[in-house]
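Me: Let us go through this model together. Please put it on the screen, and I shall ask as we go.

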Amino acid sequence: MIDPQDLANRLPGDFVLGTATAALQIEGAADQRGRCGWDDFADQPGRIVDGTTPAVTTDHFHRVEEDLELMRAAGLDGYRFSLSWPRIQPDGSGRVDEAGLDFYDRLVDRLLELDIRPMATLYHWDTPLPLEAQGGWKVRSTAERFGEYAALVGQRLGDRVADWVTINEAATVVMNGYGLGVHSPGEEQLCRAGSVARNMLLGHGHAARALRSVPVRGRIGITNAHTPVTAETDSKKDRAMAGLLDFVHNRLFADPVLLGRSPELPKGLPLPTQVLLKAVSRMSRKDLDLVSQPLDFYGLNYYFPSLVAAGADPDGMSPDGESEAAKDLPFRLLDWPDIPQTGFGWPIAPDGLRRIAEEMAARYGRRLPAVVITEGGASFPDEPSADGSIDDEERISYLARHLDVAADLATGAVPGFDLEGYYVWTLLDNWEWAAGFTQRFGVVHVDVETQERTPKASYRWLTRLQAARR
Ligand code: FCB
């Protein structure tokens, strides 16, 4: 077991260790915001594993003081939260709900009072329903609406938010939401993937430009999930499919944003796949200029490495659920032999983080700004023991091993990859999208009936680590 004191000695003093959350997963208070695509999605039978909805979740909207106290008591340096677009702009355009904006205004003030660095994500998947009804990210106009929303939020919070993330994990929205239909809006239109990706890139561009022109005082970045990809065998087919997954996860968003050019399609792709990706592989110069404005930092979510083989999964399985459309994918993801898994079945591989760092430093060189790990964490089926304590040793080991790699990356282990912080996913057990409450990622346990918060052993471990760093 890694000793918190050892880790504390190795993490730079200004390294930001925090927790990350997303509005829809914790806030509840759905009666005080507009509806989003996920509200509708969750109302459809069979969409969410346990049949729950985002209406109440952890009721953070009403318990924000208690949750801030948890962060303060642990001595955390930073907090990444997301702004609920439908709470601020219920229709996704036009009218602003000042009360919604007030909630975040107070949250930012309180974080600053507690000396916790505020990082705000503008979009963590809760597209206002009226926009979703008009096509959501399938249409270009959503990107423009997103830029308008960024401007009005920037005007209100721009003097105090330290770090801005425009969009969280666009690739997940493209694949899970519009391609495979396992997330909202539940569409199985792999053929639209290219144009959805392009519109999300444009959304990032409009938002970054809007924040710059306010101008906000904080730093501006984007967050993508990266996964190091390995082909199951050395065959041409498997390698081409590993290239395709690498393209979708690691380059589709990062290349245009960081290099200002469309990512090159991997060699050996079947013609239909090439056609699907046309919209993004041939973006206009003007669009690319919008998308590739210089960023102050790059947000990286790291959960697991991927093992890929050619040919669809016959049961249509994807990491986030079963989907008819997954039977049309030209590849499938395999379980890693011999790597232990989290409760979600995700392989636990801290080394993958190092590999991502090496690949990104090599690919982006000087174009890669400072990097912040904006999410990393694990779900385990932890249950309180008889005395009420929750001894989540596996989560402690997960965090310690990942922070161990992070400490290396923060001290120059991979030249060109300058790591500044790590945000643990997540503070509270929460509503884990299509998995409902069945996957617990929190360092604090939440009883969904009573809303009682109980810090787990991992929370106490983080607290010791932070105390040792001071
Ligand atoms: C990421 C999401 C986050 C959470 C974690 C487990 O992909 O950004 O909201 O669901 O996975």
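Me: Is Thr19 buried or exposed?

Reply: Thr19 is buried, because its relative accessible area is 0%. Buried here stands for under 20% relative accessible area, exposed for over 50%, and partly exposed for what lies in between, with a 1.4 Å probe and protein chains only.

Me: What should I know about the model itself?

Reply: The model is predicted, so local features need pLDDT of at least 70 and side-chain atom pairs count only at pLDDT 80 or more, whereas totals for chains, interfaces and linings use all residues. Residues are numbered from 1 along each chain as its sequence is written, and side-chain values use heavy atoms, without hydrogens and water.

Me: Where is Thr19, and which residues does Thr19 touch?

Reply: Thr19 sits in strand 1, residues 16-20. Helices (H or I, at least four residues) and strands (E, at least two) are DSSP runs, numbered from the N terminus. Leaving aside residues up to four places away in sequence, Thr19 touches Met71, Leu76, Gly78, Tyr79, Arg80, Tyr423, Val424 and Leu427. Contact means heavy atoms within 4.5 Å.

Me: And Asp14, buried or exposed?

Reply: Asp14 is exposed, with a relative accessible area of 66%. Asp14 belongs to the loop between helix 1 (4-10) and strand 1. Its C-alpha is 8.5 Å from that of Gly421, although the two residues are 407 apart in sequence.

Me: Now the ligand. Which residues are around the ligand?

Reply: Around the ligand are Gln25, His124, Trp125, Asn168, Glu169, Tyr303, Glu375, Trp425, Glu432, Trp433 and Phe441. A residue counts as near a molecule or strand if one of its heavy atoms lies within 4 Å of it. This shell divides into five nonpolar, three polar and three charged residues. In that scheme Ala, Val, Leu, Ile, Met, Phe, Trp, Tyr, Cys and Pro are nonpolar, Asp, Glu, Lys and Arg are charged, and the others, Gly among them, are polar.

Me: What distance does an oxygen atom of the ligand have to the side chain of Glu169?

Reply: The distance from a ligand oxygen to an N or O atom in the Glu169 side chain is 2.6 Å. For the Asn168 side chain the corresponding value is 2.9 Å, and for the Glu375 side chain it is 3.0 Å. The ligand taken alone exposes 290 Å², of which the protein buries 95%. Accessible areas come from the Shrake-Rupley method with a 1.4 Å probe; for residues, only the protein chains shown count as cover.

Me: Trp125 is in that shell. What is the phi of Trp125?

Reply: Trp125 has a positive phi, near 80°, and is not a glycine. Most residues other than glycine have a negative phi, and most peptide bonds are trans. Trp125 lies in the loop between strand 3 and helix 7, and counts as buried because its relative accessibility is 8%. Gln451 also has a positive phi, about 65°, without being a glycine; Gln451 is in the loop between strand 14 and strand 15 (453-455).

Me: Why is helix 9 largely enclosed?

Reply: Helix 9 (residues 170-179) is largely enclosed by the rest of the structure because 10 of its 10 residues are buried. They pack against strand 3 (117-123), helix 7 (129-133), strand 4 (163-168), helix 10 (193-213), strand 5 (219-226) and helix 11. Just after helix 9, Gly181 takes a positive phi of about 75°.

Me: Back to the strands: which residues does Ile222 touch?

Reply: Ile222, in strand 5, touches residues including Val165, Ile167, His204, Leu295 and Phe297, not counting those up to four places away in sequence. Ile222 counts as buried because its relative accessible area is 2%.

Me: Last one: where does Asp246 lie?

Reply: Asp246 lies in helix 11, residues 236-251. At 14% relative accessibility, Asp246 is buried. With residues up to four places away in sequence set aside, Asp246 touches Val229, Arg251, Glu359 and Arg363.

Key
Polar contact = N/O pair within 3.5 Å; in protein donor to acceptor, adjacent residues only side chain to side chain.
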